[in-house]
Every structure is written in structure tokens, then in C-alpha cells.
Amino acid sequence: MTDSPMSTSAILALADQCLLKNVNRIPLSFVKGEGLKLWDPEGRVYWDFIGGIAVCAFGHAPPFMAEVLHKQAQELVHVSNLFYNEPMVRLAAKLTEASGLARAFFANSGAEANETAFKMARKYGKDKYGEGRYKIVSAHNSFHGRTLGAVSLTGQPSVQAGFAPLVPGTLFVPFGDIKALDEALDETVAGVILEPIQGEGGVTLPPEGYFPRVKALCQERGALLIFDEVQTGLGRTGTDFAFRHFGATPDIMTLGKALGSGYPVGACLATEEAAAALGPGTHSTTVGGAPLGMAVALELVARILEPAFLQRVASVGDYFKKGLLTLPKSYPALVEGVRGLGLLLGLNLKIPAAPLTVLLRERGFLVNATAGTVLRFVPPLTVTEKEIDLLLEALSAVLASQ
Ligand SMILES: Cc1ncc(COP(=O)(O)O)c(C=O)c1O
């Protein structure tokens with residue numbers, strides 16, 4: 001590779017030669033970002049309503065992230081978990097205070113945060129009740145990441161295909177079905193892992209009253225309730241954590257995505273009782289919790305947790321949702337409905353969603369398709385009403401062309 005900038009076709013050709021072909025990538029590459037805008041090497045601009053898949057809370061390349069990273073990198077980048085560091089303990093204090101949970105562990109991704117939760121729940125079950133108490137209940141259509149443990153917890157056959165034998169001791173119930181959970185929760189179950197809103201599964205909300213009943217069942221049977229808030233957490237739904245909407249608090253909660261907003265950081269938070277299961281020597285990571293990532297996450301979390309910031313996400317999210325809600329009326333043959341909260345929104349279609357993302361891309365808008373027929377919108381939390389109007393206009397034009 002030379003130092004001169006590469007064209008999109010040169011990047012695609014080199015990728016074809018040497019990148020693992022593990023992802024169906026869109027044939028686009030970007031060289032610069034600012035707010036919602038992304039530029040490709042040829043100077044074409046795109047409006048990004050994918051936000052790095054619900055990651056870039058403050059849009060692309062926010063100057064404050066560069067400043068924090070620069071300052072911290074000049075002082076101290078990494079020391080390992082053999083030692084303490086100030087940004088790590090400050091971030092743990094902030095997240096535990098905000099969530100009401102007691103202790104935090106820092107990892108490098110959402111999947112790794114879920115691995116931690118998985119190990120914690122299993123160890124908790126065995127420590128408290130004995131060897132036979134190790135199973136984790138998860139939901140159909142859930143998504144918890146791509147490591148083998150996280151894949152084993154993910155209720156999507158396409159994600160699991162080809163990787164058997166998976167980690168044993170997982171079982172799956174339909175999301176929102178309290179009777180199925182009631183039947184699954186026997187004396188072999190140590191924990192239940194659920195996304196408050198299923199993101200990759202198609203922006204699926206739980207039925208009214210579901211989570212308080214899940215919590216009551218978990219308490220009654222002695223199983224830990226794990227909320228995977230990797231996608232829904234930290235402002236995405238207009239509240240600090242999505243569990244606020246649903247009337248139940250977790251024993252363990254995992255975070256990622258917006259926590260580092262592009263810098264790889266994941267977190268597993270837990271009650272004192274659950275956290276006690278992972279005592280000295282049971283779990284760690286070399287780079288997780290290093291000062292560089294912790295400093296930037298600390299600044300991001302402080303900004304996200306500002307009440308005015310969260311209120312703005314909620315109101316911009318309402319504005320976006322209202323705009324989307326006009327589409328089922330305008331295009332009844334194509335659009336089924338709208339779902340989601342805050343800036344985690346889905347347009348449920350009666351036709352496949354992927355071809356529409358191609359048409360939107362041709363108009364300069366990046367939107368993602370999930371669950372076959374859902375257009376998912378997870379833009380930066382800083383998206384403006386004007387930018388939403390532009391997207392809605394393009395979306396209407398694309399639907400009208402069908
Ligand atoms: C709910 C949820 N959990 C876990 C993950 C995995 O996070 P990561 O890709 O950072 O490992 C994702 C990623 O999309 C997710 O949406």
C-alpha cells in the first residue's frame with residue numbers, strides 16, 4: 001500500500017485479495033466524517049442513519065473525542081489490570097451510580113461484556129445452589145454478539161449455523177412470552193438474558209407488563225436477570241438505560257457501542273451479590289479498562305447522562321417517529337408499521353427491506369435492514385430535525401417508486 005490516498009475501487013480490490021470474507025460488506029468506503037455526514041474517497045457525501053450500528057453517539061469524529069484521546073495518550077495509554085487507574089475507577093463510579101448497580105468490569109466489546117455476564121451468572125448459580133445450576137435462558141431472535149459464548153446465547157439459527165457444538169446449557173423462549181419463561185425457569189437455571197428491546201431482531205418491543213413479570217419470576221426462582229443494553233443503553237432510547245421504560249431493574253447489565261462511540265469499550269455491571277461470583281483470578285482481559293479507553297468513555301458517559309441531552313434524544317426521537325408514522329397511511333401496500341423508542345426506530349415493511357437500502361444509498365442515505373423486512377434507524381444521538389426531514393423525504397420518494 002502506498003501513502004497516496006486510495007480510490008474506492010482500489011480499496012475494494014485490495015480487500016478482495018486480503019480481507020477475511022466474513023461479512024457481506026456494502027461496496028463503499030469512507031475517508032472522513034463529521035456529524036451525520038460521511039465522505040467517500042471520491043468526495044461523495046452520505047447522511048448516516050446507521051451511525052456505525054448504533055455506536056457513534058455524537059456523530060462522526062466529534063472534536064471532543066480527539067481532544068480527550070490526544071490528552072490521555074500523551075499521559076498514559078495502558079498499564080494492564082495488574083494495576084488500578086483513575087479513569088477506570090471514575091467511570092465505574094459514574095456507571096454504578098447512574099444504574100443503581102454496585103460494581104463494574106470493563107471489556108473491549110459488547111460480546112465480551114456478555115461473556116462476562118454469562119460467566120458471572122453461571123458461577124453465581126454454582127456457588128449459591130450447586131453444580132446443577134448453570135443454565136441461561138435467552139430469547140428467540142435475540143442477538144448478543146459473535147464470540148462462541150455470545151453466539152451460544154443468541155437465538156438466531158443463522159448466527160449459530162456451523163459452529164456446533166455450542167456452549168452447553170442455553171435454552172430459548174419466545175421474547176415476550178411469560179408463560180414460556182415460567183415453564184423454562186426450573187432449578188437448573190442460573191440466569192435469564194434479554195435485550196429490553198431486540199435491536200438486531202428487528203426493533204421488537206416487549207408486550208406491556210412483560211419485564212416486571214420476568215423480574216418477579218427470576219426473583220421467585222433465584223435466577224439472575226441480565227439486561228443486554230449494548231444497543232439500547234446510554235441514551236439510545238431517550239433515557240440513560242432502556243430498562244427505565246419497562247419497570248424492572250437488572251441484576252447484571254451489559255453495555256458497549258455508545259460507551260466508546262467507536263473506541264472499543266464494553267462493560268458488565270452487576271449487583272454486589274452477582275458480582276461476588278467473579279472473585280480474584282476468575283476473569284480478566286489485558287487491555288479492557290486501560291486508561292485511554294476509559295478516559296474517552298468517561299467523557300462520553302458524562303455527556304450522554306446530562307438530563308438535557310437525554311431529553312433532546314427523546315424529543316428528536318418522537319419527531320422522527322411521528323414522521324415515520326405517516327408512511328403506513330401513505331403507502332399501505334408497502335408499510336406495515338413503526339416501532340421503537342427514542343432513536344432506535346424500525347419501519348416494518350410488507351416487502352424485503354434490503355432493496356430499499358440500496359435505493360436510499362443511491363440518494364445519499366445510509367440505512368440498515370434487519371430481520372428481513374425492517375428498515376432500522378439508529379443515527380447518531382445528535383441527529384437534527386432537519387436531517388430527519390431529509391431522510392423522510394428520500395424515504396417517501398423511494399417508497400413512491402415501488
Ligand atoms: C444487543 C447486542 N448485544 C451485543 C452485541 C455485540 O456487541 P459487539 O459487536 O460490540 O461485540 C450487539 C451488537 O450488535 C448487540 O446489538
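**Ground rules**

I'm working on a predicted model, where local features need pLDDT of at least 70 and side-chain atom pairs count only at pLDDT 80 or more, while totals for chains, interfaces and linings use all residues. I number residues from 1 along each chain as its sequence is written, and my side-chain values use heavy atoms, with hydrogens and water left out.

**Entry 1: salt bridges**

I looked up the total, and the structure holds 13 salt bridges. I also needed words for cover: buried means under 20% relative accessible area, exposed means over 50%, and partly exposed is in between (1.4 Å probe, protein chains only).

I began with lysine 21 and aspartate 16, whose side chains meet in a salt bridge at 2.5 Å, N to O.

Next I checked glutamate 273, which forms a salt bridge with lysine 128; their closest N and O atoms are 3.1 Å apart. This pair links distant parts of the chain, since glutamate 273 is in helix H10 (residues 272-275) and lysine 128 is in helix H5, 145 residues apart. My helices (H or I, at least four residues) and strands (E, at least two) are DSSP runs, numbered from the N terminus. Glutamate 273 counts as partly exposed because its relative accessibility is 47%. Lysine 128 has 45%, so it counts as partly exposed too.

Then I turned to helix H11 (residues 291-304), which holds both glutamate 299 and arginine 303, four residues apart, or about one turn of the helix. Their side chains meet in a salt bridge of 2.7 Å, N to O. I noted 26% relative accessibility for glutamate 299, so I call it partly exposed. Arginine 303 has 33%, so it goes down as partly exposed.

**Entry 2: around the ligand**

How many residues surround the ligand? I got 13, and the closest are Gly110, Ala111, Asp228, Gln231 and Lys257. A residue makes my list if one of its heavy atoms lies within 4 Å of the molecule.

By class, I sorted this shell into three nonpolar, six polar and four charged residues. In this sorting, Ala, Val, Leu, Ile, Met, Phe, Trp, Tyr, Cys and Pro are nonpolar, Asp, Glu, Lys and Arg are charged, and the others, Gly among them, are polar. Helix H5 (residues 110-129) gives the most to the shell, with three residues.

I then went through some atom distances. A backbone N or O atom of alanine 111 lies 2.8 Å from a ligand oxygen atom. For phenylalanine 143, a backbone N or O atom is 3.4 Å from a nitrogen atom of the ligand. Glutamine 231 uses its side chain: a polar atom there lies 2.9 Å from a ligand oxygen. On its own the ligand has 390 Å² of accessible area, and the protein covers 81% of that. Such areas come from the Shrake-Rupley method with a 1.4 Å probe.

Most residues other than glycine have a negative phi, and most peptide bonds are trans. I went looking for exceptions.

Lysine 257 has a positive phi of about 40 degrees, although it is not a glycine. I located it in the loop between strand E9 (252-255) and strand E10 (266-270). Its relative accessible area is 22%, so lysine 257 is partly exposed.

Serine 80 isn't a glycine either, yet its phi is positive, about 90 degrees. It lies in the loop between helix H3 (63-75) and helix H4 (86-99). I have serine 80 down as buried because its relative accessible area is 18%.

Which peptide bond is cis? I found the one from alanine 164 to proline 165, with omega near 0 degrees. Proline 165 sits in the loop between helix H7 (157-160) and strand E6 (170-173).

**Entry 3: strand E10**

I checked cover first: five of the five residues of E10 are buried. Gly266, Cys268 and Ala270 point one way, and Ala267 and Leu269 the other way.

For partners, I count two strands as paired if DSSP finds at least two bridges between them. Strand E4 (residues 103-107) pairs with E10 in the antiparallel sense over five bridges. There, alanine 107 has glycine 266 as its bridge partner in E10. E9 and E10 also run antiparallel, joined by four bridges. In E10, alanine 270 is the bridge partner of isoleucine 252.

Definitions and conventions:
A polar contact is a pair of N or O atoms within 3.5 Å; within protein, one must be able to donate a hydrogen and the other to accept it, and residues adjacent in sequence count only if both atoms are side-chain atoms. A salt bridge is a side-chain nitrogen of Lys or Arg within 4 Å of a carboxyl oxygen of Asp or Glu.
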